[in-house]
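Here are some notes to read alongside the structure. Please keep the model open while going through them.

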2 protein chains.
Amino acid sequence: MARKKQNVFFVSDSTGITIESLGQSLFTQFPDTEFLQTVFPFVSNEQEALRVIAHISRITNLNRQHPPLVFTSLADESLKNLFLSHDIPVLDIFSTFIPVLESRLGAKASHAVGETHGVGSPLKYVQRIKALDFTLNHDDGTKFTDIASADIVLTGVSRCGKTPTCLYLAMHYNLKAANYPLADDDFENPGLPRAIVEVRNRLFGLTISPKQLYRIRQERRPDSRYASLEQCEYETRRAESIFRAARLPFLDTTSISIEEIATTILQHLKLRERTGGSSLPEPPVGQSQ
Amino acid sequence: MARKKQNVFFVSDSTGITIESLGQSLFTQFPDTEFLQTVFPFVSNEQEALRVIAHISRITNLNRQHPPLVFTSLADESLKNLFLSHDIPVLDIFSTFIPVLESRLGAKASHAVGETHGVGSPLKYVQRIKALDFTLNHDDGTKFTDIASADIVLTGVSRCGKTPTCLYLAMHYNLKAANYPLADDDFENPGLPRAIVEVRNRLFGLTISPKQLYRIRQERRPDSRYASLEQCEYETRRAESIFRAARLPFLDTTSISIEEIATTILQHLKLRERTGGSSLPEPPVGQSQ
């Protein structure tokens, strides 16, 4: 059966990333509907808003039985009201949550536009770029010049998800994330490779099912020894026994996303970024191994 | 004046990324408050929920005048109700939006847990990894083996934001994003560098203020010719005239975030990822140069 189609518009005075992510989170609850999504970012004045309204009105008139869903994230109330006055109902995240927050905080919202994915503090921006630089320079164990200053070091066999996870951790949590691939030399010894012994307390292992690893490696280097099922079985078995012998926390990445891997690692290493210096009486509850 | 402090908890049955992003978006509206944030991800059963509830109750009892804010994103209603029955009021994104969506779509929500940042379709996962591989292999113009298959190519002087933006586009939009740094050889000729002429229609320029470039380069290689203000002025001036002569779209990255750069580029190149094949009568409204 063909899925029902539903037009969706995300209208934001900033990038639209938050509201799009919120929408996509909600849409997973309606698997029988296909959501045709368009993002209108940087809608921060009346002229831009009227252009978007004209577009949405045209789509609405094409099929009045099934009007589009319109999500807005507009700090300026008058822009949001412009949609309502043009007969476009909106799901607005500011109107929904800001009044509750104002009452709970005993403060008025600033209604400043476009702060969400702005550049933020110069300090944080520099941290982010430095984290990305570090991560790119400590990828795949090739240039381990400054491993001691890593916030986190991932290890595991080639193609188990180390690099994408490191990049995600650097991009979104400003963490200096290095990764060290386990390879033939390392498998011959029972202990941790020498290169990463000194960062033991910041090490996290990744593993993967041999079959999934086989599929991934076959795409990369078909019919090589590297991609053979036998080699994939050998490497994952050896990697896991290194992890166990060294009592490293480790995670099977076979059927989880980069976001889920990163979140699990942050919880384990208690590295989740916080705005302030919240001191918790106990560590946050994480996914256990 | 010291900013007021407010404890915040994000409780999710998945990674918590969406709800944390929503919260942070709302918090920018209250600049006088410092939000002390903790994320509890993967809360998908009663036992986990009760552990989190015990923790939040303890924090609440420490200062009953200022109870924490609790944001939840729990597809399972009974887990959310557990918070309410323990006298913890929550701001729940599902309860807020799902009823409206059910009514608009004429369908019931599945209440399936943790879909938001799950691995999604295997096809999308493979696309994401391939995009990241491509981007890492086409960074800084060093290994331009397959530039013809790039979805997008960024160009500009060294340290203007090309690499972080490419990684963001690959990570979040599955785009094969290459970048080509403009360097001395390129400045001597008026036209586009030969290496990128063939991808002209997918080219986007980045520029930056000479002073900001100077600050960034001084951190990297203090007192070098590369980092001198004179060189920074020369390179940005030459880069911009190459962009203008070739009629390339380009953007000044001096005071905007990676997310804002990426969003602007997507709008210009009309590459914003969509769930379905929405065919729009006209391109979305983007930020104009």
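This is a predicted model: local features need pLDDT of at least 70, side-chain atom pairs count only at pLDDT 80 or more; totals for chains, interfaces and linings use all residues.

1. The model has an ipTM of 0.90 and a pTM of 0.90. For chain A the average pLDDT is 88, and 90% of the residues reach at least 70. Residues 272-289 of chain A are a stretch with pLDDT below 50. In the model this stretch still has 40 contacts beyond near neighbours in sequence.

2. The next points concern helices. Two packed helices are described by the angle between their axes and the distance between the axes. Both values are given for each pair below.

3. Start within chain A, with helix α5 (residues 122-137) and α6(A). Their axes come within 8 Å and cross at roughly 165°. Since angles over 145 degrees count as roughly antiparallel, α5(A) is therefore roughly antiparallel to α6(A). The crossing of this pair, α5(A) and α6(A), is right-handed. From α5(A), the residues A131(A), L132(A) and T135(A) meet C166(A), L167(A), A170(A) and M171(A) of α6(A). Sorted by class, this contact of α5(A) with α6(A) holds six nonpolar residues, one polar and no charged.

4. Helix α6 (residues 162-173) of chain A also pairs with helix α6 (residues 162-173) of chain B. What is the angle between these two axes? The axes cross at roughly 110° and come within 11 Å. Because 65 to 115 degrees counts as roughly perpendicular, α6(A) is roughly perpendicular to α6(B). The crossing of α6(A) and α6(B) is left-handed. L167(A), Y168(A) and M171(A) on one side meet L167(B), Y168(B) and M171(B) on the other. By class, the contact of α6(A) with α6(B) has six nonpolar residues, and no polar or charged ones. Note that L167(A) and M171(A) take part here and also in the contact with α5(A).

5. The last pair lies in chain B: helix α2 (residues 46-62) and helix α3 (residues 77-85). Their axes come within 10 Å and cross at roughly 30°. Angles under 35 degrees count as roughly parallel, so α2(B) is roughly parallel to α3(B). The crossing of α2(B) and α3(B) is right-handed. Which residues meet between α2(B) and α3(B)? E46(B), A49(B) and I53(B) in α2(B) meet L79(B), L82(B) and F83(B) in α3(B). This contact of α2(B) with α3(B) counts five nonpolar residues, no polar and one charged.

Note on methods:
Residues are numbered from 1 along each chain as its sequence is written. Chains are lettered from A and ligands numbered from 1 in the order in which they are written. Axes are lines fitted to C-alpha atoms, for helices over the stretch in contact, and angles run from 0 to 180 degrees between N-to-C directions. Helices (H or I, at least four residues) and strands (E, at least two) are DSSP runs, numbered from the N terminus. A crossing is left-handed if the near helix is turned anticlockwise from the far one by less than a right angle, and right-handed if clockwise. Two residues are in contact if their C-beta atoms, placed from the backbone, lie within 7 Å. Ala, Val, Leu, Ile, Met, Phe, Trp, Tyr, Cys and Pro count as nonpolar, Asp, Glu, Lys and Arg as charged, and the others, Gly among them, as polar. pLDDT is the predictor's confidence in each residue, from 0 to 100.
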